[in-house]
Amino acid sequence: MADEREDGEDLEPIDGGGVRSLWSGSITFGLLSLAVDLFPAVRTEALPLKLVDSSLRPLTRRYMCPEHERFLARDEIVRGFELDDGEFVVVTDDELEALAPEKSRAIDLRKFVDIAEIDPMYFERSYFLTPAENEANRAYRLLAETMERSGRAGIATFVMRGKEYLVALLAENGVLRAETLRFSDEIRAAEDVGLPIDAEADPRHVERFRRAIDALAADEVDRALLRDERIERLRALIDDKLARGVDVEKAPEAEEEDEAEIIDLMEVLKRRLQPEQRERAPAAPQAARHDEGRGRAGADDLESRSKSELYERAKALNLPGRSKMGKDELIRALRRAGG
Amino acid sequence: MAARAMWKGVLRVGEERVPVKLYSAVQDRSVHFRLLHDEDHVPVRQRLVEPESERIVEYSETQRAFLTPEHDLVAVRPDELDALAPEPSRDIEVLRFVPVGAIDHRWYERPYFLGPDGKAGELAALVAAMRETGREGLARWVMRKKAYRGALRAAADGVPMLVTLRSAEEVIVASELGAPQGKPLDEREIAMAQQLLSILEAPFDAEQYKDEYRERVLELVRAKAEGKTIRRVPARRQRIEPDLAKALRESLEAERKRA
């Protein structure tokens, strides 16, 4: 996941990469299916700072083999599980996907619940789902409208990047959001921690605390109380430097206007949700990908290709942002490129 | 098995002071992988590189920079960042008490159990008063050089918890985004979708969901370590109906038959 990018744990660069979708697949609801991309709903940093050298040149992260002392291309890196004796068992993305092919491709909504029934302890992270295709637009809006009217959340499990997630899907203001939930065995019981359950309280002490609570009572949460003062001070520092023209330099020109280069998550989400108003790139040709998800025969059957094969094709076509794409995104990018 | 506390602090509710210990309420059960060079299976190292010159830059030589929409880079030195860190303190200051539920789950980040640090009576009294008033607290504290906001609440079994909250700047709310637009939806389709949804309605039971995939990953790893081959399960092709109205009608029929 986006926040667990420890050294050597994930293929994605930590800084400078911009926003990318974390998973591409479909939501199924009965026989209805819609292609979606999943994005974080939480910024990793409120005020993203780039890592630069002493001359303000932006830096990127590259992987290096300490033995060979050289940089490695993406296709030279594999995932390994460390055994007790320190040996590694190599596991490929295709093997991981093959362990749960359906769950890797689709969030299948087979149950709807009242969101208030879910203990807040279960909520882990929040994501937005955006329609991946023009054709997905109507099904997306239909599902969002239906869920919003019913006030219910859809529950499903799916697999993203080698890990299974339990999610609650909700609709709000016409936008679909996925909240990952912790599995019950990921939550500890107070007994296991050794804490007293339903501890006895002295009524006189309770009364004292009641008064203290009343004195601080409010009807709702003032969002201002959730502000991060450090971020505000950082913003003030940056504004001051800009106003005085100190420590400011022109950034090197970006080589490509690639979505992957856009740092601001909000901007990416807006583009994906309302492409007709914001998209600069031409829309995907409708006819070219009408059959997606239903399996096509012959050499053109991109779905049956492994992710690494798709990546190779994308590389041959020099498709921008390919190293950040999931399988479905690669398929779509290849279709768009006519490859 | 009594767990070890990960931090100690003092809850401050107005004039009241309640010393507490924090215990993580969650445990990470993910399977972790390392990235390796495919040739020699040596774990890779991440290096910072200036892409133009391909020069490796040590972390100690780096600084941060903010990129403005006008494409200006504003440098922020490490000492300037350090100066922004909050003052260390043991106080967990409760700022407000709001009705239970007023703190949206979307703000929740990480739950901790609170245990008494010393005598248990004061903490038990605070929990009892919170339950009687139907309120939960909004608190702030500094833990390991980082400022936190948290919800102070009582779990169902009366055990007090502190759940860290995301900052207002981090959370993107749907109302800021704008929904996908298009031709008005067909009310009959919405009605069918609502019927389908209500057939699938059920109470939420967390115990029902198990991370089966984690087990399969570990099985795969074990089998490969022993040199066994894994039988691949072919993907079941789910039937998808591209026509919305037809998809809904047929899904409804199928679910009614099942019921």
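This is a predicted model: local features need pLDDT of at least 70, side-chain atom pairs count only at pLDDT 80 or more; totals for chains, interfaces and linings use all residues.

The contact draws 150 residues from chain A and 141 residues from chain B. On the side of chain A that touches chain B, helix α3 (residues 136-150) of chain A supplies the largest share, 10 residues. That side of chain A comprises 77 nonpolar, 22 polar and 51 charged residues. The points below take up each topic in turn.

**Strand pairing between the chains**

- Strand β14 (residues 248-250) of chain A and strand β7 (residues 72-76) of chain B run antiparallel and are joined by three bridges.
- Within this pairing, A:K250 is placed opposite B:D72 in β7(B).

**Chain B as a whole**

- Chain B contains five helices and 12 strands.
- The radius of gyration of chain B is 26 Å, whereas the globule rule gives 18 Å for 259 residues, so chain B is more spread out than a compact globule.
- The C-alpha trace of chain B spans about 65 × 65 × 55 Å along its principal axes.
- Of the 259 residues of chain B, 33% count as buried.
- Among the contacts in chain B with a separation of 6 or more, 60% come from residues 24 or more positions apart.

**The barrel of chain B**

- Seven strands of chain B close into a barrel, in the order β1-β2-β9-β12-β11-β10-β8, with mixed pairing.
- From one strand to the next, the twist averages 40°.
- Seven bridges link strand β1 (residues 7-13) of chain B to strand β2 (residues 16-24) of chain B in the antiparallel sense, and B:W7 has B:L22 in β2(B) as its bridge partner.
- The hairpin of β1(B) and β2(B) has two residues between the strands, and B:G14 in this hairpin takes a positive phi near 60°.
- β1(B) also pairs with strand β8 (residues 91-99) of chain B, in the parallel sense and over three bridges; here B:R12 stands opposite B:E93 in β8(B).
- Strand β9 (residues 108-116) of chain B runs antiparallel to strand β12 (residues 160-165) of chain B, with five bridges between them; B:R110 has B:T164 in β12(B) as its bridge partner.

**Helices against the sheet**

- Helix α5 (residues 203-215) of chain A lies across β1, β2, β8 and β10 (135-143) of chain B, and runs at about 90° to β2(B).
- α2(B) packs on the sheet as well, where it touches β1, β2, β9, β10, β11 (146-154) and β12 of chain B. The direction of α2(B) makes about 90° with that of β2(B).

**Nonpolar cores**

- In soluble globular proteins, nonpolar side chains tend to be buried together.
- The largest nonpolar core has 116 residues, of which A:L34, A:L143, A:V167, A:L169, B:F113, B:L126 and B:M161 touch the most other members.
- Helix α2 (residues 121-133) of chain B gives the largest share of this core, eight residues.
- Leaving aside residues up to four places away in sequence, A:L34 touches A:S26, A:I27, A:P131, A:A136, A:A139, A:Y140 and A:L143.
- A second, separate core of 11 residues includes A:V52, A:L234, A:I238 and B:F66.

**A buried residue of chain A**

- A:L166 lies in strand β12 (residues 163-172) of chain A.
- A:L166 counts as buried because it has 22 C-beta neighbours inside 10 Å, the cut-off being 20 or more.
- From C-alpha to C-alpha, A:L166 and A:A156 are 5.9 Å apart in space, and they are 10 residues apart in sequence.
- Not counting residues up to four places away in sequence, A:L166 touches A:T157, A:T180, A:L181, A:F183 and B:Y209.

- Most residues other than glycine have a negative phi.
- B:E54, which is not a glycine, has a positive phi of about 60°. B:E54 is found in the loop between β4 (45-50) and β5 (55-57) of chain B.
- B:E54 is exposed, with 9 other C-beta atoms within 10 Å, where the cut-off for exposed is 12 or fewer.
- B:R144, likewise a residue other than glycine, has a positive phi near 50°. B:R144 sits in the loop between β10 and β11 of chain B.
- With 8 other C-beta atoms within 10 Å, B:R144 is exposed.

Notes:
Residues are numbered from 1 along each chain as its sequence is written. Chains are lettered from A and ligands numbered from 1 in the order in which they are written. Two residues are in contact if their C-beta atoms, placed from the backbone, lie within 7 Å. Helices (H or I, at least four residues) and strands (E, at least two) are DSSP runs, numbered from the N terminus. Ala, Val, Leu, Ile, Met, Phe, Trp, Tyr, Cys and Pro count as nonpolar, Asp, Glu, Lys and Arg as charged, and the others, Gly among them, as polar. Two strands pair if DSSP finds at least two bridges between them. A nonpolar core is a set of buried Ala, Val, Leu, Ile, Met, Phe, Trp, Tyr and Cys residues joined through C-beta atoms within 7 Å. Axes are lines fitted to C-alpha atoms, for helices over the stretch in contact, and angles run from 0 to 180 degrees between N-to-C directions. The radius of gyration is taken over C-alpha atoms; the globule rule is 2.2 Å times the number of residues to the power 0.38.
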